[in-house]
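Subject: Structure handover

Hello,

Here is the structure I promised to pass on. Please open it first, then read my notes below.

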Amino acid sequence: STRAEARVGGGLGAAVAPRLFVGDEGQYAVDAEVGGRSGEETMSGEGELKVVTYNLQNFEGDWRARLRGIARLLAHEKAHVVALQELRRSPGRGDDMFEVLRASLPEGLYPHGRYARAMEFRNGDEEGVGILSRLPFAEAPEVEELTLRENDPDRNQRVALCAWVKLRGLLAGAGAGADVAEAEALVVVTHFSYEAAVAERHAGELLAVARRRLLRRAGEAG
């Protein structure tokens, strides 16, 4: 297997495994070696996996004006994977931030994507996280709910959006071995709580989610 490394900051909501970085400054980090595979081949140069995370802050301020700047930034960066938080959908105003953003990007830049609802509001709006990818998904992304306890001061439901992305196109020509066709990376997207204790608990849950999925994948590869 190939080891993917990515550091993403600024209100981080993504983790890339087997090397995981979660937390605002990647302070929760772990090497997740599974199935006896050490994954010592690190992607660099042509094979570097570029991940960007962005909190869109729902409809705050002039959303449409911010949209133009966000679209320009993402088009310039051309990251392989983009993790998005605070995506708002509002039937009342006919606005869907995830779909509007995708439509504002250059055609074909991010052919793969998925939105996951996390919370609903009384006015019918909902908010969630999303992923955009230039790399194809190995399978349909899945969603797992993070814990919401009765005594949590933050009453918002949080989720983990889990996607396996194929690295074949990324690694081709980067000196990768014969197993390049099977190389994948697990990307997990979430929006951490503003309550530190809840965020720390969810960070641990994300690591467990990633480990469980890595072990399951290793078992499938057999």
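**Ground rules**

This is a predicted model, so local features need pLDDT of at least 70, side-chain atom pairs count only at pLDDT 80 or more, and totals for chains, interfaces and linings use all residues. Residues are numbered from 1 along each chain as its sequence is written, and side-chain values use heavy atoms, with hydrogens and water left out.

**The chain as a whole**

The chain has four helices and eleven strands. Both are DSSP runs, numbered from the N terminus: helices are H or I with at least four residues, strands are E with at least two. Of the 222 residues in the chain, 51% are buried. Buried means under 20% relative accessible area, exposed means over 50%, and partly exposed lies in between (1.4 Å probe, protein chains only). The accessible surface is about 10,800 Å², by the Shrake-Rupley method with a 1.4 Å probe. Carbon and sulfur atoms hold 45% of that surface. Now the contacts, meaning heavy atoms within 4.5 Å. Among contacts with a separation of 6 or more, 66% join residues 24 or more positions apart.

**The helix pair**

Two packed helices are described by the angle between their axes and the distance between the axes. Helix H1 covers residues 63–77 and helix H2 covers residues 97–104. They pack at an angle of about 50 degrees, with axes 9 Å apart. The axes are lines fitted to C-alpha atoms over the stretch in contact, and angles run from 0 to 180 degrees between N-to-C directions. H1 and H2 are therefore oblique to each other. The cut-offs: under 35 degrees is roughly parallel, over 145 roughly antiparallel, 65 to 115 roughly perpendicular, and the rest oblique.

Which residues meet? From H1 come Trp63, Arg64, Leu67, Ile70, Ala71 and Leu74. From H2 come Met97, Val100, Leu101 and Ser104. The residues of this contact are eight nonpolar, one polar and one charged. (Nonpolar: Ala, Val, Leu, Ile, Met, Phe, Trp, Tyr, Cys and Pro; charged: Asp, Glu, Lys and Arg; polar: the others, Gly among them.)

**Residues around the pair**

- Alanine 71 is in H1 and is buried, at 7% relative accessible area. Its C-alpha is 6.2 Å from that of serine 104, 33 residues away in sequence. Beyond four places in sequence, alanine 71 touches Leu101, Ser104 and Leu105.
- Alanine 75 is also in H1. At 15% relative accessibility, alanine 75 counts as buried. Leaving aside neighbours within four places, its contacts are Leu105, Pro106 and Leu109.
- Leucine 105 is in the loop between H2 and strand E7 (112–120). Leucine 105 is buried, at 8%. Its contacts, again leaving aside neighbours within four places, are Ala71, Leu74, Ala75, Tyr110 and Leu132.

**Two positive phi angles**

Lysine 78 has a positive phi of about 50 degrees, although it is not a glycine. Lysine 78 is in the loop between H1 and strand E5 (81–90). At 45% relative accessibility, lysine 78 is partly exposed. Glutamate 86, not a glycine either, has a positive phi of about 55 degrees. Glutamate 86 is in strand E5 and is buried, at 14%.

Best wishes
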